[in-house]
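Colleague: I would like to learn how to read a model like this one. Can we go feature by feature?

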Amino acid sequence: MTTPQMLLAIQIANGYGAQPGAWRMPGVDPSSYTDMDTLVRYAQAAERGKIQLVFLADTPALTADLDRETPQHAIDPLVVLTSMARGTERIGLVATGSTTFNEPYTIARQFKALDVVSHGRAGWNAVTTSTPAAAANFGSVVPPRAERYERAHEVVQVVQALWGSWERDAWVRNVAGRRFADMSKIQPINLGGRYVASRGPLPIPPSEQGQPVVFQAGGGANGLELAARYASGVYANPFTIEEGRAHRTALREAAERVGRNPDEIKLFAGFMPSVAPTKRAALDRRRLLDESVDLHPRVRYLGAMLGLRLNSGQLDEPLTARQLADARPSPADPRSAHALQVAREGWSLRDVLAHGVIDYHPVVPGTAADVAEHMQQWFEAGACDGFSLAIDVYHDGIDTFVDEVIPLLQERGVFHLDYAGTTLREHLGAPAQYGLDPRLAETASAVS
């Protein structure tokens with residue numbers, strides 16, 4: 001019996017890194033945001049490490065104060081991934097595309113074009129959008145949650161129908177017979193529902209994997225239902241092994257309820273490693289990154305997490321014995337228990353923050369062995385099928401992870417030695433699919 005092995009996605013967003021101060025670190029080109037050569041180099045480094053896919057999150061709005069911050073997302077995910085496709089051969093290429101403000105024909109055409117250009121390595125992260133600034137960019141307002149997800153179901157179904165609008169052998173390319181394609185095998189889909197519709201067909205033949213792989217990153221019952229029906233990969237944000245195991249179990253059970261094999265859906269847990277020769281060096285690296293951040297509100301937030309009134313005058317001191325005795329982790333914040341645990345180890349508040357206790361994913365600042373141990377523990381506990389890596393600084397952090405952490409995971413037998421195939425479906429062990437999933441036909445919400 002084959003031993004299960006973890007899957008890895010790497011987030012490459014703005015060209016700098018997951019931490020706000022990444023653009024100011026030594027050696028980083030401040031122009032990396034628009035430099036495709038730099039972004040392609042990062043993807044090539046990830047491919048050298050046999051990482052299964054690159055993931056570009058996206059919100060169709062400027063959400064950062066550029067006076068003090070860098071943009072949070074790529075200039076355009078599909079442009080960046082197309083550039084990466086031309087400079088790589090195996091690694092998967094996945095981007096977010098909103099189901100709330102994009103029409104299904106546009107999504108279907110763009111992602112299938114990427115899939116063909118990359119020879120079957122594309123994936124679409126189908127998510128709803130709840131950001132008012134994004135809605136305003138489309139001259140709209142954010143719809144109610146239930147409506148957003150009803151529309152999302154329709155959009156995914158129409159997109160997948162469009163992807164299958166060419167039969168697999170429709171492109172005949174018969175030069176002698178003067179026949180480019182068999183039009184009897186390229187048909188309109190004429191599919192629509194309450195919110196979206198499309199006639200079709202697409203002007204694009206199938207790729208080596210047939211069509212792009214669907215991912216999902218929404219939360220709550222609505223997001224779980226969307227993922228269970230359509231997704232092969234799910235991005236999640238658990239802060240503990242118990243949370244990850246519960247999310248993965250709920251996802252697998254939901255998949256079974258709609259007639260899918262739960263092994264078809266892989267959960268990627270968000271993870272933020274900072275690798276250095278020692279833990280002290282890793283903390284110092286993160287402290288240097290924090291120099292771009294106003295730590296005063298972070299100290300106050302840390303205090304709220306611990307039920308204490310803290311101020312920045314204590315930044316370079318640990319919590320006092322009285323404070324530790326009075327501290328109570330907030331039940332409303334799943335990060336609080338870990339924050340208190342770190343504080344009890346005697347670190348200064350600046351170092352407690354450098355541990356990433358208020359970051360949006362679990363953080364491990366330490367050696368390659370520390371990072372590998374965390375990943376193996378979560379994976380073998382069933383908290384995830386793999387990780388979505390948010391590297392602190394891309395410039396040197398991706399190479400360090402690939403050269404130091406990946407070999408340890410391989411030695412421990414929890415990560416593969418090489419790609420077994422050439423397509424994203426093969427990397428994920430996802431089943432073949434072309435067009436709509438016939439198992440969901442009876443429960444589809446879009447109507448023809």
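This is a predicted model: local features need pLDDT of at least 70, side-chain atom pairs count only at pLDDT 80 or more; totals for chains, interfaces and linings use all residues.

Colleague: Is Asp290 buried or exposed, and what is its relative accessible area?

Modeller: Now the residue. Under 20% relative accessible area means buried. Asp290 has 6%, so it is buried. Asp290 lies in helix 8, residues 279-290.

Colleague: Which residues does Asp290 touch, not counting residues up to four places away in sequence?

Modeller: Asp290 touches Leu295, Arg298, Leu353 and Ala354.

Colleague: Leu315 is in contact with which residues, leaving aside its neighbours within four places in sequence?

Modeller: Leu315 is in contact with Leu295, Val299, Ser348, Leu349, Arg350 and Leu353. Leu315 lies in the loop between helix 9 (295-306) and helix 10 (321-326). With 8% relative accessibility, Leu315 counts as buried.

Colleague: How many residues apart in sequence are Leu315 and Leu295, and what is their C-alpha to C-alpha distance?

Modeller: They are 20 residues apart in sequence. In space, the C-alpha to C-alpha distance is 8.7 Å.

Colleague: Let us step back to the whole chain. How many helices and strands does the protein chain have?

Modeller: The protein chain has 15 helices and 11 strands. Its radius of gyration is 23 Å, close to the 22 Å that the globule rule gives for 448 residues, so the chain is as compact as a globular protein of that length. The C-alpha atoms fill a box of roughly 85 × 50 × 45 Å along the principal axes.

Colleague: What share of the residues counts as buried?

Modeller: Of the 448 residues, 54% count as buried. The chain exposes about 19,300 Å², and carbon and sulfur atoms supply 51% of that area.

Colleague: What do the contacts say about sequence separation?

Modeller: Take contacts between residues at least 6 apart in sequence. In the protein chain, 78% of these join residues at least 24 apart.

Colleague: And the charges: how many side chains are positive and how many negative?

Modeller: There are 43 positive and 51 negative side chains. The centres of the two sets lie 4 Å apart.

Colleague: Next, aromatic rings. How is a pair of aromatic rings described?

Modeller: By two values: the distance of the centres and the angle of the planes. A search of the whole structure finds 10 aromatic pairs. Take Phe271 and Phe387. Their ring centres are 5.7 Å apart and their planes stand at 55°, so the pair is tilted. Phe271 lies in strand 9 (residues 266-275) and Phe387 in strand 11 (residues 386-389), so the pair ties together parts that are 116 residues apart in sequence. Phe271 and Phe387 are both buried.

Colleague: Which residues do ring pairs link into a cluster?

Modeller: The cluster consists of Phe55, Phe215, Tyr235 and Phe268.

Colleague: Now the backbone. Which residues does a cis peptide bond join?

Modeller: Look at omega. A cis peptide bond joins Gly200 and Pro201, with omega about 0°. Pro201 lies in the loop between strand 6 (197-198) and strand 7 (213-216).

Colleague: What about phi at Lys50?

Modeller: Lys50 is not a glycine, yet its phi is positive, about 65°. Lys50 sits in the loop between helix 1 (36-48) and strand 2 (53-56). Its relative accessible area is 22%, so Lys50 is partly exposed.

Colleague: And what is phi at His119?

Modeller: His119 is not a glycine either, and its phi is positive at about 60°. His119 is in the loop between helix 3 (104-117) and strand 4 (122-127). With 48% relative accessible area, His119 is partly exposed.

Colleague: Where is Tyr419 found?

Modeller: Tyr419 is in the loop between helix 14 (394-411) and helix 15 (424-428). At 8% relative accessibility, Tyr419 counts as buried. Beyond four places in sequence, Tyr419 touches several residues, including Glu47, Lys50, Arg90 and His427. Tyr419 and Glu47 are 372 residues apart along the chain, but their C-alpha atoms are separated by 9.4 Å.

Colleague: One last case. Is Gln157 buried or exposed?

Modeller: Gln157 is buried, with a relative accessible area of 3%. Gln157 lies in helix 5, residues 145-163.

Terms used: Residues are numbered from 1 along each chain as its sequence is written. Side-chain values use heavy atoms; hydrogens and water are left out. Helices (H or I, at least four residues) and strands (E, at least two) are DSSP runs, numbered from the N terminus. The radius of gyration is taken over C-alpha atoms; the globule rule is 2.2 Å times the number of residues to the power 0.38. Buried means under 20% relative accessible area, exposed over 50%, partly exposed in between (1.4 Å probe, protein chains only). Contact means heavy atoms within 4.5 Å. Accessible areas come from the Shrake-Rupley method with a 1.4 Å probe; for residues, only the protein chains shown count as cover. Lys and Arg count as positive and Asp and Glu as negative; His and the chain ends are not counted. The place of a charge is taken as NZ of Lys, CZ of Arg, CG of Asp or CD of Glu. Rings of Phe, Tyr and Trp (its six-membered ring) pair if their centres lie within 6.5 Å; planes under 30 degrees apart count as stacked, over 60 as edge-to-face and the rest as tilted.
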